[in-house]
Amino acid sequence: MSLEVNVTKRFEGFALHAEFTAGDAATAILGASGCGKSMTLRCIAGIVKPDEGRIVLDGRVLFDSARGIDLPPQQRNVGLLFQNYALFPNMTVERNILCALKKEKDPAARKAVCAEALRAMRLESLAKRLPGELSGGQQQRAALARILAGKPRILMLDEPFSALDSYLREEVEGEVGSLLAGFAGTVLLVTHNRDEAYRLCRDMIVMDGGEVLRAGTTKEVFADPRTCAAARLTGCKNILPCTRVDEHTVHLAGWEQDLTVALPVPEGCCAVGIRAHDFVPCAPGTPNSLPVQSVSTSENPFDWNLICTVPGGEARLWWKVSKGTLGSPPPAIPACLSAAPENIMPLV
């Protein structure tokens, strides 16, 4: 399975240019609201026509502006789960699923496929209910059953957990994770939640301002986001200005000292990213040590957030540490914190 996307769509005050490939693993499209994530899915589905570009799914051209190809949505074999699920409110769950099977002319075959979709999504007992009689999680399963009944080659989920109450998200996320793992095709999951993306998807695309900033496996992107914007979107709290000294050394502004970096430092490096949980207390003079003083502390259920500054200066950093490490209440801030070279990310 393979998907190739290279499209441009212009609006007043905004331009989308999405260029990426996706294979047979679940791929997250991560980005803030308004960055073009959902618009990208709509271009792939054929709901929105790009101004120019090309979309190819498993060698089949869905859109090619140069060749005048623009297949309608019903011919693309693409399944898109909308944020609001888009179930027909006046139809039962069973009727909603049957709507996806209009191409199948054999009534017995349609009934069998519908029954299988109901079983797969554990909806047999809810088949005769209307969408308004279902919980948010049940509505999502019904919408997924309708999509899967059509046997799409690509499954696209647009913020699938945004409409759910927080207590339902963990349960539904587990169900969706099992579905994604067993889906025999390409999966795209749009989200602004980095944790969802990390747990559910092997691959990741980071978008900002209509552009793809970074693509790769999820773990690669988190370990080396490469740009300040991608680092922020993947949850990095500490983006510290610096200048490049050599291939593995930067000079950190604010602390006015050098840090050793395991990754190659590119020309034009203007900052380093250090994730809040990658700091450890250390003695003065330890390699990559930064002298700090505490500014504020906040408590989470399982960890502490400590904001520190350089003594006598304004440069600050976030330190996140589990209660299992520090205990409760937290002890006094150490004299210095350090980060291992492999945990320092050079950024442009």
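This is a predicted model: local features need pLDDT of at least 70, side-chain atom pairs count only at pLDDT 80 or more; totals for chains, interfaces and linings use all residues.
Which residue stands opposite Leu-80 in S8? Met-156 does.

Residues are numbered from 1 along each chain as its sequence is written, and side-chain values use heavy atoms, with hydrogens and water left out.

Start with the whole. The protein has 9 helices and 22 strands. Helices (H or I, at least four residues) and strands (E, at least two) are DSSP runs, numbered from the N terminus. The C-alpha trace spans about 75 × 50 × 35 Å along its principal axes. Of the 348 residues, 47% count as buried. Buried means under 20% relative accessible area, exposed means over 50%, and partly exposed lies in between (1.4 Å probe, protein chains only).

Now back to strand S8, residues 154–158. Because 5 of its 5 residues are buried, S8 is largely enclosed by the rest of the structure. Both of its faces are covered. Ile-154, Met-156 and Asp-158 are buried on one side, and Leu-155 and Leu-157 on the other. S8 pairs with S7 in the parallel sense over 4 bridges. Two strands pair if DSSP finds at least two bridges between them. S8 also pairs with strand S9 (residues 186–191), again in the parallel sense, over 5 bridges. There, Asp-158 has Val-190 as its bridge partner in S9.

Strand S7 leads on to a pocket. S7 (78–81) and helix H4 (136–149) each supply at least two residues of the lining of the largest pocket. This pocket has a volume of about 920 Å³. Of its 25 lining residues, the closest to the centre are Pro-73, Gln-74, Val-78, Ala-100 and Gly-150. The search uses a 1 Å grid over the protein atoms alone: a pocket is an open set of points where a 1.4 Å probe fits, with protein on both sides within 12 Å along at least five of seven lines, and lining residues have an atom within 4 Å of a point. Grid points are joined across faces, edges and corners, and the volume is the space filled by probe spheres set on the points.

Next come two open sheets. Strands of a sheet pair through backbone hydrogen bonds, either parallel or antiparallel. Angles here are taken between lines fitted to C-alpha atoms, and run from 0 to 180 degrees between N-to-C directions. Within this sheet, 4 bridges join strand S12 (residues 238–246) to strand S15 (residues 271–274). Asn-238 has Ile-274 as its bridge partner in S15.

Another open sheet has 3 strands in the order S16-S21-S17, also antiparallel. S16 (280–282) and S17 (289–291) are the edge strands. Neighbouring strands are turned by 40° against each other on average, direction ignored. S16 and S21 (residues 336–338) are joined by 3 bridges. Pro-281 stands opposite Leu-337 in S21.

Tyr-198 and Phe-222 form an edge-to-face aromatic pair, 5.0 Å centre to centre with 80° between the planes. Rings of Phe, Tyr and Trp (its six-membered ring) pair if their centres lie within 6.5 Å; planes under 30 degrees apart count as stacked, over 60 as edge-to-face and the rest as tilted. The pair links distant parts of the chain, with Tyr-198 in helix H6 (residues 194–200) and Phe-222 in helix H7 (residues 218–223). Tyr-198 counts as partly exposed because its relative accessibility is 40%. Phe-222, at 14%, counts as buried.

Two lysines also meet rings. The charged end of Lys-237 sits over the ring of Trp-318, 4.8 Å from its centre. That of Lys-323 sits over the ring of Trp-304, at 5.5 Å. Such a charge has NZ of Lys or CZ of Arg within 6 Å of the ring centre and within 35 degrees of the ring normal.

Finish with two loop residues. Most residues other than glycine have a negative phi. Arg-226 has a positive phi of about 80°. Arg-226 lies in the loop between H7 and helix H8 (228–233), and is partly exposed at 45%. Glu-256 has a positive phi of about 50°. Glu-256 lies in the loop between strand S13 (249–252) and S14, and is exposed at 53%.
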